[in-house]
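Subject: Structure for you to look at

Hello,

Here is the structure I said I would pass on. Please open it first, then read the notes below with the model on your screen.

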Amino acid sequence: MLALVSGGVASGKSEIAENLAVSLNKGKMAYIATMAASDEECRNRVVKHRRMRDGKGFNTFEFPYGLSEKIPILSGCDTALLECMGNLIANEMYLQERSPQEAIECIRNDIRLLAATVPNTVIVTSTIFEDFKAYDDFTTGYIRVLAEINSAIAAAADVVIESVCAIPVIHKGMKELSGYENLV
Amino acid sequence: MILVIGGGSQGKLEFVRRRWDIASANITDGGTCSFEEAFQRPVLDHLHLLIRRLQEASLDARKFIADGIEQHPGMILICDELSSAVVPVLKDDREMQETTGRVLCAAAQKAAKVYRVFCSVPVLIKGEEHD
């Protein structure tokens, strides 16, 4: 199963995604962490997320960019949870200096390869599209790339869930999710 | 408790007024009320503005609102959703976005019903309509 879990900031999406991954898993489970923790605020978030995952059986891999090269390490895993797409794209565009078009191609390839390697893939992404501000070119490009990648994954996914105040709102895959009602 | 969320100017208050026949005197505005009166009427509107003001006063907004809900379980809370936007550059704005999100996750867990109002259309995302 390929599942996309999206939501805004602090909307409870991580917990829904973790619970879904745990429910789907029938073997070894990977957590692909994408944050390149550069300051204290980021490091605090990493610690918080690690604490949330404690005891759920994840093996953590820190892959902030260049996912495709590292995916072979995950063969043998039954389920992978990638968190989150927003960071992965930011890292490819900012740290790896990829253009929006290059980033889209790179990430599409990453996802294809990941879904072909691991039987169950859960991808956490962000909804950042309800905003009124005019941003600089880099940020505008980033928003566009994230929107395009989210749409591409949603099209390929069996299941698309939006977390709203930690309530799972199912946009796609109601049938596939029957039996997984207790996501939160 | 009933939670009503949605983007700004989506018709949340209008929905609450009509659905439960609420008079203006029974609605508190979280943007202007004193902290003491926040939970004293049946409806608290603009919860996100109350959160900002609590934060500006260096008070623990998550605890303040959790306590308010605990003590007044029959209320209707109305809050703008701020989470589906780019993470703000300013630390105070980031904190407000994060705190509002966490307050809403906790409130939704306690709520018997959660409505999300979209273009003035209320969508029930938790609970049953006729409870």
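The largest cavity in this predicted model is lined by residues of both chains: A:Val9, A:Ala10, A:Ser11 and A:Cys165 from chain A, and B:Glu81, B:Leu82, B:Ser83, B:Gln97, B:Thr100, B:Gly101, B:Leu104 and B:Cys105 from chain B. About 60 Å³ of space lies inside. By class, its lining has six nonpolar, five polar and one charged residues. Rolling a probe the size of a water molecule over the atoms shows where empty space is left.

How many cavities of 30 Å³ or more does a search of the whole structure find? The search finds two. The second largest cavity has a volume of about 30 Å³. Its lining consists of A:Gly7, A:Gly8, A:Ser11, A:Glu162, A:Ser163, A:Val164, B:Glu81, B:Ser83, B:Ser84 and B:Arg116. Strand 6 of chain A (residues 159-164) gives the largest share of that lining, three residues. Here the classes are one nonpolar, six polar and three charged.

One residue of chain B can be followed on its own. B:Val86 sits in the loop between strand 4 (76-80) and helix 4 of chain B. Is B:Val86 buried or exposed? Its relative accessible area is 13%, and buried means under 20%, so B:Val86 is buried. Leaving aside neighbours within four places in sequence, B:Val86 is in contact with A:Ile128, A:Asp131, A:Tyr135, A:Ile143 and B:Gln97. B:Val86 and B:Gln97 are 11 residues apart in sequence, and their C-alpha atoms are 10.0 Å apart in space.

Chain B as a whole has four helices and six strands. From the N terminus on, its elements run β-α-β-β-α-α-β-α-β-β. Its C-alpha trace spans about 40 × 30 × 25 Å along the principal axes. A compact globule of 131 residues would have a radius of gyration near 14 Å, and chain B agrees because its value is 14 Å. Of the 131 residues, 45% count as buried. Among contacts in chain B between residues at least 6 apart in sequence, 58% join residues at least 24 apart.

Last, look at strand 4 of chain A (residues 77-83). Seven of its seven residues are buried, so this strand is largely enclosed by the rest of the structure. Strand 4 of chain A runs parallel to strand 2 (residues 28-33) of chain A, and six bridges join them. In that pairing, A:Ala33 stands opposite A:Glu83. Strand 4 of chain A also runs parallel to strand 5 (residues 120-124) of chain A, with five bridges between them. There A:Thr79 stands opposite A:Asn120.

Regards

Note on methods. Residues numbered from 1 in each chain as written. Chains lettered and ligands numbered in written order. Predicted model: local features only at pLDDT ≥ 70, side-chain atom pairs only at ≥ 80, totals over all residues. Heavy atoms only, no water. Buried < 20%, exposed > 50% of the residue type's maximum accessible area, 1.4 Å probe, protein only. Helix = DSSP H or I, 4+ residues; strand = E, 2+ residues; numbered from the N terminus. Pairing = 2+ DSSP bridges. Rg over C-alpha atoms; globule rule 2.2 N^0.38 Å. Contact = heavy atoms within 4.5 Å. 1 Å grid on protein atoms, 1.4 Å probe; cavity = no way out; pocket = protein on both sides within 12 Å on 5 of 7 lines; lining within 4 Å. Points joined across faces, edges and corners; volume = space filled by probe spheres on them. Nonpolar A, V, L, I, M, F, W, Y, C, P; charged D, E, K, R; others polar.
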